[in-house]
Amino acid sequence: QLQLVESGGGLVQPGGSLRLSCAASGFTLDNYAIGWFRQAPGKEREGVSSISSNGDSTYYAQSVKGRFTISRDNAKNTVYLQMNSLKPEDTAAYYCAAVRSYFGSYYYTRVGDYGYWGQGTQVTVSS
């Protein structure tokens, strides 16, 4: 059974940091591109960051560029999202997703590109 499990969410003050983890079980992430998405109440799910299967290529939404960093450790079968300088508008449920990728340096940015999703982890930025 293929599973993605997110962790690391929580309540943080504005300006603070969190590191989200996305751990895979039932399959290895080596040949999968990974994306992080978020969804706030009443809003559509939006792409935050993506990374290619070989880790060479990354994408960041303009709203998080310079503050968030995506990385992967294939040996640990885990992808991370380091979030710094958090703002209240970053408050959302964060989801990781995986797509089988035959192009090592290609990343995917659309919700519809991904076939496997985690259950999400809540991030709340508030004073």
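Colleague: How many salt bridges does the count come to?

Modeller: This is a predicted model. A pair counts when a side-chain nitrogen of Lys or Arg lies within 4 Å of a carboxyl oxygen of Asp or Glu. By this rule the number of salt bridges is 4.

Colleague: Which residues are linked in a network of salt bridges?

Modeller: Asp90 forms a salt bridge with Arg38, with the closest N and O atoms 2.9 Å apart. Asp90 also meets Arg67 in a salt bridge, at 2.7 Å from N to O. Asp90 is in the loop between E8 and E9 and Arg67 in the loop between strand E6 (58–60) and E7, so this pair ties together parts 23 residues apart in sequence. The network consists of Arg38, Glu46, Arg67 and Asp90.

Colleague: Is Asp113 buried or exposed?

Modeller: The side chain of Asp113 meets that of Arg110 in a salt bridge. Arg110 has 58% relative accessibility and therefore counts as exposed. The limit for buried is under 20%. At 19% relative accessibility, Asp113 counts as buried.

Colleague: Which strands stand at the edges of the open sheet?

Modeller: The open sheet has 4 strands in the order E1-E3-E8-E7, with antiparallel pairing. Two of these strands each have a single partner strand, so one side of each is left without a neighbour in the sheet. They are E1 (3–7) and E7 (68–73).

Colleague: Which residues have the most contacts inside the largest nonpolar core?

Modeller: This core has 29 residues. Leu81 touches residues including Trp36, Phe68 and Tyr94. Those with the most contacts inside the core are Trp36, Phe68, Leu81, Met83 and Tyr94.

Conventions:
Residues numbered from 1 in each chain as written. Predicted model: local features only at pLDDT ≥ 70, side-chain atom pairs only at ≥ 80, totals over all residues. Heavy atoms only, no water. Pairing = 2+ DSSP bridges. Helix = DSSP H or I, 4+ residues; strand = E, 2+ residues; numbered from the N terminus. Core = buried A, V, L, I, M, F, W, Y, C linked by side-chain atoms within 4.5 Å. Buried < 20%, exposed > 50% of the residue type's maximum accessible area, 1.4 Å probe, protein only. Contact = heavy atoms within 4.5 Å. Lists of a residue's contacts leave out its neighbours within four places in sequence.
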